[in-house]
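Here's a quick tour of the model you have open. Take a look first, then we'll go through it topic by topic.

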Amino acid sequence: MRNRRNPYPVDPDLDAHVPRQRRELSGAPWAVLGVVAAGGALGALARYGAGLAVPRVAGGEVQATLAVNVSGCLLIGALMVVVTEARAGGRLLRPFLGTGVAGGYTTFSAHVGQFRELLQSGAAAPALAYLAGTLFLALAAVWLGVAVTRRVLRVRIAGEREVRQ
């Protein structure tokens, strides 16, 4: 994403109002672009592999896209807790894992295209169910990823405190 104040491509998830995230803009913006591209390539390869793993049946593309998007949202929730709460400090880790890997893995553009195809074929009810179901499941997956990861981190930190005492 480009703007007048910063002509370099940056992580679109970056919030320039947060000082720690704003630091990603300083130094070498091309490093951010590089890690996003590398992560995106890995994520896209993982999505391709997931697509191959789903058996080819009628409507299988919708099921594969739903599985990829929901599992990607679960991954995003978990990764963002780890990157922002447990391992804060690696300035390239969040763009690599969040925007790159998770962004390359998920495919909401395919979801929208499949929704449109269902709608245009006259299957309005399945199309709307697919649209709403994906939204609900994706948001629930993010919530689950965040909640489970925070719980695991709390248990781990409590265990480390017991070992020290």
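The side chains of Glu85 and Arg150 meet in a salt bridge, at 2.6 Å from N to O. Keep in mind that this is a predicted model. From that pair we'll move on to a histidine, a surface patch and a helix crossing.

**The salt bridge**
- The count of salt bridges comes to one, and the partners are Glu85 and Arg150.
- Glu85 sits in helix α3 (residues 60–86) and Arg150 in helix α6 (residues 124–164), so the pair ties together parts that are 65 residues apart in sequence.
- Glu85 has 45% relative accessibility, so it counts as partly exposed.
- Arg150 also counts as partly exposed, because its relative accessibility is 35%.

**A histidine in α5**
- Helix α5 covers residues 108–120, and His111 is part of it.
- What is His111 in contact with, once you leave aside its neighbours within four places in sequence? The list is Thr65, Asn69, Tyr130, Leu131 and Thr134.

**The nonpolar patch**
- Which helix gives the most to the nonpolar patch? That would be α6, with four residues.
- Leu144 is a handy one to click on: this residue lies in α6 and is partly exposed, with a relative accessible area of 40%.

**Where α2 meets α4**
- Helix α2 (residues 29–53) and helix α4 (residues 93–105) have axes that come within 6 Å and cross at roughly 35 degrees.
- The crossing of α2 past α4 is right-handed.
- On the α2 side, the contact is made by Val32, Val35, Val36, Ala38, Gly39, Gly40, Leu42, Gly43, Ala44, Ala46, Arg47 and Ala50.
- On the α4 side, the contact residues are Pro95, Phe96, Thr99, Gly100, Val101, Gly104 and Tyr105.

**How enclosed α4 is**
- Of the 13 residues of α4, 10 are buried, so this helix is largely enclosed by the rest of the structure.
- Among the buried residues of α4 are Arg94, Leu97, Gly98 and Ala102.
- Pro95, Thr99, Gly100, Val101, Gly104 and Tyr105 are buried too, and these residues take part in the contact with α2.

How values were computed:
Residues are numbered from 1 along each chain as its sequence is written. This is a predicted model: local features need pLDDT of at least 70, side-chain atom pairs count only at pLDDT 80 or more; totals for chains, interfaces and linings use all residues. Side-chain values use heavy atoms; hydrogens and water are left out. A salt bridge is a side-chain nitrogen of Lys or Arg within 4 Å of a carboxyl oxygen of Asp or Glu. Helices (H or I, at least four residues) and strands (E, at least two) are DSSP runs, numbered from the N terminus. Buried means under 20% relative accessible area, exposed over 50%, partly exposed in between (1.4 Å probe, protein chains only). Contact means heavy atoms within 4.5 Å. Axes are lines fitted to C-alpha atoms, for helices over the stretch in contact, and angles run from 0 to 180 degrees between N-to-C directions. A crossing is left-handed if the near helix is turned anticlockwise from the far one by less than a right angle, and right-handed if clockwise.
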